[in-house]
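Reader: Can you walk me through the pockets and helix packing in this one? I'd like quick answers.
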Amino acid sequence: MLGHTAAVNETRRGLLFGVLAYGLWGVIPLFWKLLVGVDPVETIAHRAIWGSLVFVVIVAVAGAAPAVRAAVRTPRAIAAAAAAALLLAVNWGVFVYGVSTGRVLDVSLGYFINPLLSVAAGTLLLGERLRRAQWVAIACAVVGVGILTWRAGHLPYLALALAGSFGGYGLVRKVAPVPALVGGALETGLMLPVAAIYLAVLASRGDGALGHVDLPTHALLAATGLVTVVPLLLFTSAARRLPLSTLGFLQYLAPSGQFLLATLVFDEPTGAGRLAAFPWIWAGLVVFALDQAQHQRRISSRASR
């Protein structure tokens, strides 16, 4: 019984962490829009450097330095961190590029597609089993994503790059042999030398934002560390507590927020096709959420007997 109770509590924590992570990612284009004057590649370099510094502080405060040192000496942990860092860098770059070029709707489409990849990876690669209601939810989501893709009129390269890179990142973090904090510190630590060299080359040529922009922009560049690390920690904490299929459907919170920002705040053209797809995706979310709540009640009931 104690084991069941602990499992339920871990699942609830995972759901809370997941909702917070994707809620933050849903409104984060508001922050990146403030940095549209900075080259996207340079912005990614700043994210890596400042994010790594934030992780250093958190690791020190949490007393996790021994765990990080142990992970550094583990080839499997380093290999997983390297793969995750590469996928994360690609995802960051495509995301910032999409926001800075006024393609937030394409960004949201990518993250609408992403949960389907997570569900597929969970069932095909990790052996996770879906309940009947979850298959109904997937069907609704597939219809919605199909409408969005069809209305785009072409293969949505930006959206597919976002979906593939973050779906792959979630899979790597799910199976990585390290906790969320340690994994995040390793990933940004591996990015740090490359980012530092890139910014140093820019500075040697007299290019780049550092020293050439106003004080508020410098402050925003430094803030990319917190903006990057906080939702990432929440996400990786959720990924280690939830089935990949559950995590996949929580992901719809982020593109839903991005979709609303694109249409209501950034005035990007929507079209009837996109609006027709939205209810299907939300219907899938509602079905999945109701099934998840019922499933958790059944687990709690069995644990209390």
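Reader: Which helices each supply at least two residues of the lining of the largest pocket?
Author: H3, H5 and H9 each do. Helices (H or I, at least four residues) and strands (E, at least two) are DSSP runs, numbered from the N terminus. This is a predicted model: local features need pLDDT of at least 70, side-chain atom pairs count only at pLDDT 80 or more, and totals for chains, interfaces and linings use all residues. Residues are numbered from 1 along each chain as its sequence is written, and side-chain values use heavy atoms, with hydrogens and water left out.

Reader: Which helix gives the largest share of that lining in the largest pocket?
Author: H9, with 5 residues.

Reader: What volume does the largest pocket have, and which residues are closest to its centre?
Author: The volume is about 270 Å³. There are 13 lining residues, and Ile44, Ala89, Met191, Val194 and Ala195 are the closest to the centre.

Reader: How do you define pocket and volume here?
Author: The grid is 1 Å, over the protein atoms alone. A pocket is an open set of points with protein on both sides within 12 Å along at least five of seven lines, while a cavity is a set where a 1.4 Å probe fits but cannot get out. Lining residues have an atom within 4 Å of a point. Points are joined across faces, edges and corners, and a volume is the space filled by probe spheres set on the points.

Reader: How does the lining of the largest pocket divide by class?
Author: 12 nonpolar, 1 polar and no charged. Ala, Val, Leu, Ile, Met, Phe, Trp, Tyr, Cys and Pro count as nonpolar; Asp, Glu, Lys and Arg as charged; the others, Gly among them, as polar.

Reader: And the second largest pocket, what volume?
Author: About 200 Å³. It has 14 lining residues, with Val19, Leu250, Leu285, Phe288 and Ala289 closest to the centre. H13 (272–303) gives at least two residues, as do H1 and H11 (244–250). H13 gives the most, 8 residues.

Reader: How is the lining of the largest cavity split by class?
Author: It has 11 nonpolar, 5 polar and 1 charged residues. H5 supplies the largest share, 4 residues.

Reader: What lines the second largest cavity?
Author: Ala77, Ala80, Ala81, Ala84, Val172, Arg173, Ala176, Val178, Gly183 and Glu187 do. H5, H8 (157–175) and H9 are the elements giving two or more residues. Its volume is about 40 Å³. By class, the lining has 7 nonpolar, 1 polar and 2 charged residues.

Reader: Now packing. At what angle do H3 and H5 cross?
Author: Roughly 130 degrees, and the axes of H3 (residues 40–62) and H5 (residues 75–100) come within 9 Å. Axes are lines fitted to C-alpha atoms, for helices over the stretch in contact, and angles run from 0 to 180 degrees between N-to-C directions.

Reader: Parallel or oblique?
Author: H3 and H5 are therefore oblique to each other. Angles under 35 degrees count as roughly parallel, over 145 as roughly antiparallel, 65 to 115 as roughly perpendicular and the rest as oblique.

Reader: Which residues in H3 meet H5?
Author: Pro40, Thr43, Ile44, Arg47 and Ala48 in H3 meet Ala89, Trp92, Gly93, Val96, Tyr97 and Ser100 in H5. That contact has 7 nonpolar, 3 polar and 1 charged residues. Contact means heavy atoms within 4.5 Å.

Reader: How about H4 and H9, what angle and distance?
Author: H4 (residues 65–72) and H9 (residues 180–204) pack at about 60 degrees, axes 10 Å apart. H4 and H9 are therefore oblique too.

Reader: Left-handed or right-handed?
Author: The H4 and H9 crossing is right-handed. A crossing is left-handed if the near helix is turned anticlockwise from the far one by less than a right angle, and right-handed if clockwise.

Reader: Who touches whom between H4 and H9?
Author: Ala67, Val68, Ala71 and Val72 in H4 meet Val182, Ala185 and Leu186 in H9. By class, this contact has 7 nonpolar, no polar and no charged residues.

Reader: Last one. Where does Thr270 lie?
Author: In the loop between H12 and H13. Beyond its neighbours within four places in sequence, Thr270 contacts Leu105, Phe259, Thr263 and Leu275. Thr270 and Leu105 are 165 residues apart in sequence and 8.0 Å apart in space, C-alpha to C-alpha.
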